[in-house]
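Good morning, colleagues. Please turn to the structure on the screen, and I shall take you through two of its elements.

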Amino acid sequence: MVFCRILGPCAVEVDGIGIDLGGPVPRRVVSGLSIADGAPVDDRVLAEYVWAEDQPSNVVNALRVVVSRLRSALGAEARGIIERTHAGYRLALDSDQTDHGRFAELVERGRALLADGMAAESAQAFRTALELWRGDPWTDLGQTVAAAGARARLSELRAVAAEELQAARLACGDTSAAVVDLTEAVAEMPYRERRWELLALGLYRSGRQGHALAELRRVRALLVDELGVDPGPALRDLEQRMLDQDPVLMPPATDAGARVPAVRSLPSAPRRLTRPATSLVGRAGDLTRLAEVLADHRLVTLYGPAGVGKTRLAVEHAAARNSGETWLVRLADAHTDDGVAVAVAAAVGITHLADHPVALIEQALANRAGLLVLDNCEHLAEAVAGLLAEILPACPLLTVLATSRHPLNVDGEQLYPLRPLPLRTPEGEDGAALQLLFDRIRAGRAAAAGWHADPDERLAAREICGLLDGLPLAIELAAARERAFGLRALAGHLRARLDVLGSTPRGSLTPHATLQAAIGWSFDQLAEDDQALLLRLWPFEGGFSWDAAQAVAPEGAAVSASLAALVDRSMVMADVSEHPIRYRVLETIRRYCHDVDPDADTTAVVHARWIRALVAAHAPLITGPEEVRAFGVLSAELPNIRAGIAFDLEHDPVQALRTAAALEYVWPSFGVLAEGMRLIRSAMRACPQAPVNDRVSGLLALSIDSFHCGDAAEAVRLASSAADLLGETKNAEQSALLVKALVFVGAGATAVRDIPTTQAALERYRGETARYPAPAWIESSAILCEGLLEVQQGHQARGEELLHTARDKAAECGFGWARGTADLTLARSMLGSGEQSQARSVLLALSRAVEVFQSQRNLADLLGVVWTGSRALADHSPHVAVTLRSAALEHAARIGTVDRYSTASPRDRNAAAGLSAAERAGAEQAGRELTWDQMIELFRTSALDVSARLEGN
């Protein structure tokens with residue numbers, strides 16, 4: 001079924017789905033052809049419609065090209081509506097396949113019905129006709145002279161329809177409402193005497209004879225003063241009849257219920273919905289749960305963001321029902337509150353409406369069991385809610401399933417949130433999002449029925465599904481584009497732009513032509529304040545907190561109210577399982593907001609400014625008693641931190657350097673060492689003339705991170721360069737940087753057993769702290785270096801005493817890294833002594849270190865504990881030792897610290913030698929398969945078990 005609309009912007013629909021015609025020129029071609037009502041249009045006339053005075057030199061060829069592209073846009077099913085004849089092109093559509101043709105037919109029918117005394121039916125015909133108007137007719141043709149006559153004819157017919165609608169309402173007895181509308185109508189077109197006639201008649205029938213006569217005299221004065229003519233015979237006759245109080249002016253007596261005609265044409269058998277041709281992927285669980293919810297509740301709202309598949313799930317559920325009737329009401333094309341009841345009435349079989357459609361719906365459904373599916377309710381939520389509040393109590397056998405992008409807020413409403421398809425299963429396998437993508441790729445190419453993605457294609461597919469948030473609509477559009485680009489290139493295109501996805505396929509359930517249109521539909525319905533806040537949220541990567549939204553919101557914004565509204569309308573996702581609650585804008589919505597943001601640069605600056613403040617406030621806390629909270633905040637915001645640094649690298653590299661360097665302990669802790677070091681180096685290259693203190697901080701951050709990578713010599717070099725750059729310190733701030741550099745030199749030097757360098761660094765450290773006392777966290781680190789130096793010089797007891805002191809000092813000031821490292825160093829010291837009697841103490845020290853590093857989410861140093869633990873367990877549980885060593889190597893490779901563990905110790909070799917080749921291979925394979933949490937848990941339980949056995953001995 002093809003339908004052409006010109007009462008407003010030109011649009012062509014195929015089976016109710018809008019077609020993207022390809023721009024203004026094709027729309028003008030369709031508009032120009034539609035004027036002829038099926039007759040051929042000469043090429044010269046059509047060219048005038050399309051190009052006005054700016055016509056191409058070869059009109060025939062130009063039209064041929066445009067028509068060819070237009071037919072391609074219409075597709076195989078509809079391309080035949082553009083026919084070429086000897087007299088020109090024609091639009092091969094019947095009058096009921098165009099809105100202006102249908103409008104004219106409805107007006108004629110309304111007039112005939114009114115003449116036959118069927119006022120209620122007449123009013124409905126006029127009302128339906130007027131609802132077809134969405135704007136000026138043939139608006140795409142502009143002020144083209146050729147279209148002026150046709151436009152004037154339709155506009156006149158519209159004015160007539162508006163007047164005769166009120167005449168029909170007066171005949172029905174709906175006098176008060178008609179008078180209200182006629183009062184406005186005469187103000188709009190004061191020279192149309194028919195309107196004055198109806199207004200006066202309505203007032204007279206309302207018992208307001210004086211007012212009616214006053215209106216008749218007012219129009220007489222208007223016509224005489226402005227046009228110099230008297231009123232026509234109809235107005236003069238009406239005035240005289242009123243003066244004579246002619247009883248003919250009053251309507252015939254009717255019963256109280258006469259204005260609500262009997263329900264007609266109700267279906268005699270249940271109506272079945274058919275499923276779409278494509279398979280439903282990843283929603284089996286939702287179908288089951290939705291059926292269960294609907295069994296217990298009479299009103300269920302299926303809500304979620306644009307493109308998540310609400311309509312598809314609702315239709316699948318409705319089509320699978322095996323009892324009762326089913327009515328599907330698509331509200332996407334309804335644009336007024338009144339249109340809701342009209343659409344529902346039409347769906348349940350009511351063909352004739354009076355002015356009380358709700359009463360008719362109640363009458364039709366009062367004793368019928370069935371499911372009413374109301375699709376796309378979001379733009380008419382209040383009207384839908386009002387209708388349901390009336391009909392649900394009156395129709396006890398009725399169940400309603402609504403789809404919307406936000407709740408309807410009706411009493412008794414049960415919400416069913418629909419989430420995007422998962423990218424991964426709980427077991428870590430590829431999820432339903434990839435399954436849908438691959439299914440649609442195979443369906444789109446017959447030759448690809450046996451196609452399977454290779455590893456590179458699978459990686460690209462994962463990226464595509466992630467960029468598209470697992471939204472089924474977006475994934476299906478991506479599958480269609482795969483034929484043109486392939487998965488790898490498509491992933492690259494999607495990183496930059498969403499419009500590569502193109503238009504929705506013909507026959508799709510979505511009412512929107514593109515994904516951007518679907519998102520824009522939701523965006524346009526937001527209140528202005530809510531739009532303003534949403535536009536400030538697009539730079540956030542990986543979500544944000546309420547505090548973050550407050551920090552970037554426009555001045556004076558009511559963040560709580562707007563954020564709640566955005567969550568309700570599925571424009572922002574809320575994860576209430578986290579504390580504090582995390583919010584997230586889907587990637588597709590983020591892209592849309594970036595594209596429509598009128599001041600995207602300012603938005604990005606505000607976000608970057610917030611990142612700087614966040615890091616400046618929390619990074620210093622890492623070395624104190626608030627470290628756990630600080631690590632938690634920085635861990636949650638790591639994606640945002642990346643985005644902020646990336647922005648500053650381009651616009652303010654000194655700020656990027658300050659932020660990246662301040663996170664010196666964060667990069668190794670969160671397992672992103674390589675990335676952190678790359679960002680720091682990039683920032684230092686981008687601002688070679690940065691202030692000395694900033695360059696020193698960058699060098700020190702690179703030093704500690706190199707240390708964690710296993711390159712202690714580079715750590716010493718970088719820290720020494722930082723100390724040289726500072727030279728002689730002149731204030732406490734520079735002194736704090738210097739003593740930190742000296743401690744980092746000592747830490748690196750002890751790792752490579754460079755005793756003279758360690759001694760020199762510590763000696764200079766003591767001299768500097770005599771002038772400016774060092775912060776407690778640095779002092780605990782210095783004592784830790786001293787303890788390790790003593791151990792390396794063979795002073796085991798003295799060294800371990802200092803390590804205990806360092807641990808206590810770190811615990812006192814809250815510096816977890818030094819506290820955990822002191823226990824780890826103690827364990828290594830005792831392990832190196834070879835004393836079997838200390839085995840239990842080694843495991844206890846490592847267990848304490850695990851707790852500290854785990855609370856920090858410190859991945860790099862947790863691996864150091866597991867690595868050392870594998871050696872401590874070698875003599876007591878060789879299979880576990882080999883498994884843990886293999887797991888540590890695997891995870892170290894992933895976070896960039898494998899160089900620290902490249903050398904096997906005698907204990908490692910002994911543990912391996914205690915196993916057969918098969919046992920050793922099995923333990924190593926088991927280690928490679930351990931997740932991070934499984935690895936840590938294996939060490940914990942094994943250390944506890946061995947410690948208990950040693951204590952018993």
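Predicted model: local features only at pLDDT ≥ 70, side-chain atom pairs only at ≥ 80, totals over all residues.

Residues are numbered from 1 along each chain as its sequence is written, and side-chain values use heavy atoms, with hydrogens and water left out.

Helices (H or I, at least four residues) and strands (E, at least two) are DSSP runs, numbered from the N terminus. Helix 39 covers residues 878-895, 18 residues in total, and spans 26 Å from its first C-alpha to its last. That is close to the 26 Å expected at 1.5 Å a residue, the expected span being 1.5 Å times one less than the number of residues. Its buried residues include V880, L884, H891 and I895; buried means under 20% relative accessible area, with a 1.4 Å probe and protein chains only.

I turn now to strand 9, residues 398-404, where seven of seven residues are buried. L398, V400, A402 and S404 point one way, while T399, L401 and T403 point the other way.

What does strand 9 pair with? Strands pair if DSSP finds at least two bridges between them. Strand 6 (residues 299-303) pairs with strand 9 in the parallel sense over five bridges, with Y303 opposite S404. Strand 8 (residues 370-375) also runs parallel to strand 9, joined by five bridges, and L371 has T399 as its bridge partner.

Note on methods:
Buried < 20%, exposed > 50% of the residue type's maximum accessible area, 1.4 Å probe, protein only.
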